[in-house]
Amino acid sequence: MNNTFENQLTASARRLREAQDAKLHVAASPQISNSSIHRRSQNWGWITTPIAAAVGLLIGLFINHQSETKNDFTVPVIAVETTGNSILDDGTDYSMFISM
């Protein structure tokens, strides 16, 4: 092995890391089987999905009902007679706009 500065630095860092790791105390993880976790989450999915759909439907109906009943204001509509010409009758060459 070549004792270059980089190799010595790498070896020193490795020794430091191993010494620090040896001092760490990690609590043991609880022994829960993965199949029971998967089974529990699968059962909740069958219950929560229809409930979420029903709640969403009720909220949607409530919002729609409020929007129908809260229209107390009216907007006046003013009918204006227009006296204009059709673009076919005004004599303007609109074919120039097509090439743009």
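**Surface and helices of a predicted model**

Of the 100 residues of the protein, 1% count as buried, where buried means under 20% relative accessible area, exposed over 50% and partly exposed in between (1.4 Å probe, protein chains only). The model is predicted, and local features need pLDDT of at least 70, side-chain atom pairs count only at pLDDT 80 or more, and totals for chains, interfaces and linings use all residues. Residues are numbered from 1 along each chain as its sequence is written, and side-chain values use heavy atoms, with hydrogens and water left out.

The protein has 3 helices and 0 strands, in the order α-α-α from the N terminus; helices (H or I, at least four residues) and strands (E, at least two) are DSSP runs, numbered from the N terminus. The average pLDDT, the predictor's confidence in each residue from 0 to 100, is 77 for the protein, and 67% of the residues score at least 70. Confidence is highest in helix α1 (residues 5-23), at a mean of 92, and lowest in helix α3 (residues 95-98), at 74.

The accessible surface of the protein comes to about 10100 Å², with 61% belonging to carbon and sulfur atoms. Accessible areas come from the Shrake-Rupley method with a 1.4 Å probe; for residues, only the protein chains shown count as cover.

Trp 44 lies in helix α2 (residues 34-69) and is exposed, with a relative accessible area of 54%.
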